[in-house]
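Welcome, and let's take a walk through this protein together. Have a look at the sequence and the model first, and then read on.

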Amino acid sequence: MVMALFFPFIFWVVIFYLLAAIMAIIRAYLGINIDQDYPISSSVQLVGVKGQEPSLAPGAVSPAIVLLVRVDNGHVYDAYREGGGVTVSYAGVPLAHGHTPSFRVGAKAALTFTVNATAESVGVPEDLFRLMSTERRWGAVQLEVRMQLGWPGWESYAWSVDLDG
């Protein structure tokens, strides 16, 4: 007789605690910040160029290229990268080299820095200059920019940039 009286009570207590536990799990799940985590992305913009004349031309100077690099951190945590190197080339021939600084980008933030790429040589090799001049008339001169970042990840990035755009 005692069981018959307490069974409905125990049944409802168990159901109550199960529902309370389910509600707690749902509230905890909804309370977690389910923010999307995207990888680091980057872009480059050509800011300035000089020394794009034939190497045998009078007054020829060493190629110097100024790039503006933007790094967007899509992660929900800060990202740190050691500095690295940048190579700017045309038709597979390196024109200038530069270095990137070490940097830290906050979570879901962006960072912009400049890179000065220079060369030891004077001007552009004659054959390469002729090709560049022809493509400039067509409006199709593109420089290849490659950036290699250091630890942690040794990441490589590559872009094509219009010289006259």
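Let's begin with how the chain meets itself. Among contacts in the protein between residues at least 6 apart in sequence, 65% join residues at least 24 apart; here contact means heavy atoms within 4.5 Å. Before going further, please keep in mind that this is a predicted model, in which local features need pLDDT of at least 70, side-chain atom pairs count only at pLDDT 80 or more, and totals for chains, interfaces and linings use all residues. Residues are numbered from 1 along each chain as its sequence is written, and side-chain values use heavy atoms, with hydrogens and water left out.

Now for the overall plan. The protein has two helices and nine strands, where helices (H or I, at least four residues) and strands (E, at least two) are DSSP runs numbered from the N terminus. Along the sequence, their order is α-β-β-β-β-β-β-β-α-β-β. The radius of gyration is 30 Å, well over the 15 Å that the globule rule gives for 165 residues, so the protein is more spread out than a compact globule. That radius is taken over C-alpha atoms, and the globule rule is 2.2 Å times the number of residues to the power 0.38. Along the principal axes, the C-alpha atoms fill a box of roughly 115 × 30 × 20 Å.

What about the surface? The protein exposes about 10700 Å², and carbon and sulfur atoms supply 63% of it; such areas come from the Shrake-Rupley method with a 1.4 Å probe, and for residues only the protein chains shown count as cover. Of the 165 residues, 30% count as buried. Buried means under 20% relative accessible area, exposed means over 50%, and partly exposed is in between (1.4 Å probe, protein chains only).

In soluble globular proteins, nonpolar side chains tend to be buried together. Here the largest nonpolar core has 31 residues, and those with the most contacts inside it are Ile65, Leu67, Val88, Leu143 and Met147. A nonpolar core is a set of buried Ala, Val, Leu, Ile, Met, Phe, Trp, Tyr and Cys residues joined through side-chain atoms within 4.5 Å. Strand 2 (residues 64-72) gives the most to this core, with four residues.

Setting aside neighbours within four places in sequence, Val88 is in contact with residues including Ile65, Leu67, Leu95, Ala117 and Leu143. Ser89, in strand 4, is buried, with a relative accessible area of 10%. Beyond neighbours within four places in sequence, Ser89 is in contact with Pro94, Leu95, Leu143 and Glu144.

Most residues other than glycine have a negative phi. Ala91, however, has a positive phi, near 55 degrees, and counts as partly exposed at 48% relative accessibility. Lys108 is not a glycine and also has a positive phi, of about 55 degrees. Lys108 sits in the loop between strand 6 (103-105) and strand 7 (110-118), partly exposed with a relative accessible area of 37%.

Not counting residues up to four places away in sequence, Gln45 touches Val66, Leu67 and Leu68. Gln45 and Lys108 are 63 residues apart in sequence and 21 Å apart in space, C-alpha to C-alpha. Asp72, in strand 2, is partly exposed at 23% relative accessibility. Leaving out residues up to four places away in sequence, Asp72 touches Pro39, Ile40, Ser41, Ala109 and Ala110.
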